[in-house]
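Dear colleague,

Please find the structure below, together with its sequence.

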Amino acid sequence: MRALVVGAGCCGASAARRLAEYGWQVTVVDRRDHIGGNAHDRREENGILYHVYGPHVFFTDRERVWEFLAPLARWAPFRCALRVWIEGDSHPMPFQPETLRRLLPREGEAAVSALARAFAGRDRVTVLELLNAADPLLRRAGQRLYHCDCAPYNQKQWGLRLEELSPEVIARAPVYLEERREFRPERFQFMPEEGFTALFRSMLDHPAIEVLTNREASALMAVSDGRMVWKTGRTWDAVLYTGRLDELFSGREGLLPYRTLRFDLEYRAPEEGLPCLAMYYPELDIPWTRRTDYRYLPGNPPGMGQALLVGERPGPMEAPGDEPYYVVLTEQSKARHQAYRRLLDQVPHLYAAGRLADFRYYNMDEAVERGLDAAEQLHRREGRNP
């Protein structure tokens with residue numbers, strides 16, 4: 001049995017490896033000149049390891065995902081701290097009692113107590129829940145967080161009026177009920193010592209996997225009249241597609257909206273770097289949504305002579321080479337994506353999964369698990385003895 005997997009990122013590479021373990025002959029094709037998708041990293045000219053498409057950190061509570069990945073690399077424990085720049089000062093991220101005390105100097109302590117009473121037994125709430133709370137003090141706390149962070153950040157990130165975005169996008173930011181120094185609470189928090197690209201190389205290093213980079217899927221196959229059309233004489237028994245569905249179906253239901261990123265790289269003296277891996281910037285007069293200081297990656301030695309800071313500026317998809325980073329979730333875009341899923345369901349032996357194909361954001365572990373699930377579904381439906 002032969003499978004074509006389109007895309008060598010978290011979802012596609014994981015699916016390819018699992019299919020190969022099931023006995024499939026797998027061809028992985030990616031339009032970029034490298035594997036790893038947006039988790040691709042490399043060392044720049046000074047030897048600093050950095051993530052080309054923005055920072056990625058691995059964390060999970062999914063034992064199945066960790067058991068799959070753990071043998072594929074040497075891992076270093078890594079628990080990072082992030083901060084957000086609000087009104088001329090940095091605050092811990094995610095929001096927590098310290099945030100409320102500092103942003104609500106007169107009512108912060110009372111708000112922290114009210115939070116504990118109203119949500120006893122929970123470790124976190126969302127800003128949206130605070131905005132809808134019965135207690136007027138908690139509503140004021142939610143409004144403070146919403147107006148100084150959630151609203152401007154999302155407006156800058158998505159380039160839309162707030163009323164155009166789905167509510168789960170605008171105010172999904174968590175507020176923890178207890179102080180926390182680390183960004184994430186998951187049990188398994190590690191980084192591959194040699195970087196994510198080396199991890200993907202190991203994942204795809206299997207005698208049943210063929211990898212073709214710098215290759216558009218459209219050069220190999222297309223969808224026409226509800227069936228797959230092969231263009232090169234090579235055929236596959238099934239296809240797992242992880243790219244954009246509007247591209248796969250030639251825009252038949254209209255374009256799906258995405259936001260791209262542009263990166264500003266600068267070198268600074270160590271003392272001019274950031275106090276953590278990444279700083280977020282919700283305020284509209286600062287061009288970046290986030291800056292990353294790559295000295296904090298495990299793959300970079302301590303005491304580096306300079307800091308590499310990379311700022312991210314979100315913007316619309318304009319040029320042909322713009323990468324689609326973030327889906328723009330509106331009621332219209334979700335309906336359009338569902339129309340493409342219905343088209344997909346009509347094509348035999350064609351499957352789709354992943355960040356672009358599913359039109360949603362995934363953490364790395366979620367994308368890996370999605371790939372494993374897709375491979376198992378494909379094998380269950382299509383696998384047969386030769």
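**Backbone and loops**

H349 sits in the loop between α10 (331-345) and β21 (350-352), where helices (H or I, at least four residues) and strands (E, at least two) are DSSP runs numbered from the N terminus. This is a predicted model, in which local features need pLDDT of at least 70 and side-chain atom pairs count only at pLDDT 80 or more, while totals for chains, interfaces and linings use all residues. Residues are numbered from 1 along each chain as its sequence is written, and side-chain values use heavy atoms, with hydrogens and water left out.

Although H349 is not a glycine, it has a positive phi of about 70°. With a relative accessibility of 40%, H349 counts as partly exposed, a class that lies between buried (under 20% relative accessible area) and exposed (over 50%), calculated with a 1.4 Å probe on protein chains only. E87 is likewise not a glycine and has a positive phi, of about 50°; E87 is found in the loop between β7 (82-86) and β8. In the loop between β8 (89-93) and α3 (97-103) lies P94, and the peptide bond that joins M93 and P94 is cis, with omega at about 5°.

H34 belongs to the loop between β2 (25-29) and β3 (41-43), and because its relative accessibility is 8%, H34 counts as buried. If neighbours within four places in sequence are left aside, H34 is in contact (heavy atoms within 4.5 Å) with H40, R42, Y53 and T213.

**Nonpolar cores**

A nonpolar core is a set of buried Ala, Val, Leu, Ile, Met, Phe, Trp, Tyr and Cys residues joined through side-chain atoms within 4.5 Å. Which residues touch the most other members of the largest nonpolar core? They are V26, L69 and L115, out of the 96 residues in that core. Helix α6 (residues 136-158) supplies the largest share of this core, 10 residues. Apart from this core lies another one, of 27 residues, which includes V29, F249, Y258 and L356. Not counting residues up to four places away in sequence, L115 touches L100, V125, L130, L138, V175, Y176 and L177.

**Helix packing**

Helix α4 (residues 108-118) packs with α6 at an angle of about 110°, and their axes are 9 Å apart; axes are lines fitted to C-alpha atoms, for helices over the stretch in contact, and angles run from 0 to 180 degrees between N-to-C directions. That angle makes α4 roughly perpendicular to α6, since angles of 65 to 115 degrees count as roughly perpendicular, those under 35 as roughly parallel, those over 145 as roughly antiparallel and the rest as oblique. The contact is made by A110, A111, A114, L115 and A118 of α4 together with L137, L138 and A141 of α6. These residues divide into eight nonpolar, no polar and no charged, where Ala, Val, Leu, Ile, Met, Phe, Trp, Tyr, Cys and Pro count as nonpolar, Asp, Glu, Lys and Arg as charged, and the others, Gly among them, as polar.

Helix α1 (residues 10-21) and helix α8 (residues 196-203) pack at an angle of about 30°, with their axes 9 Å apart, and α1 and α8 are therefore roughly parallel to each other. From α1 the contact involves C10, A13, S14 and R17, and from α8 it involves F200, S202 and M203. The residues of this contact divide into four nonpolar, two polar and one charged.

With best wishes
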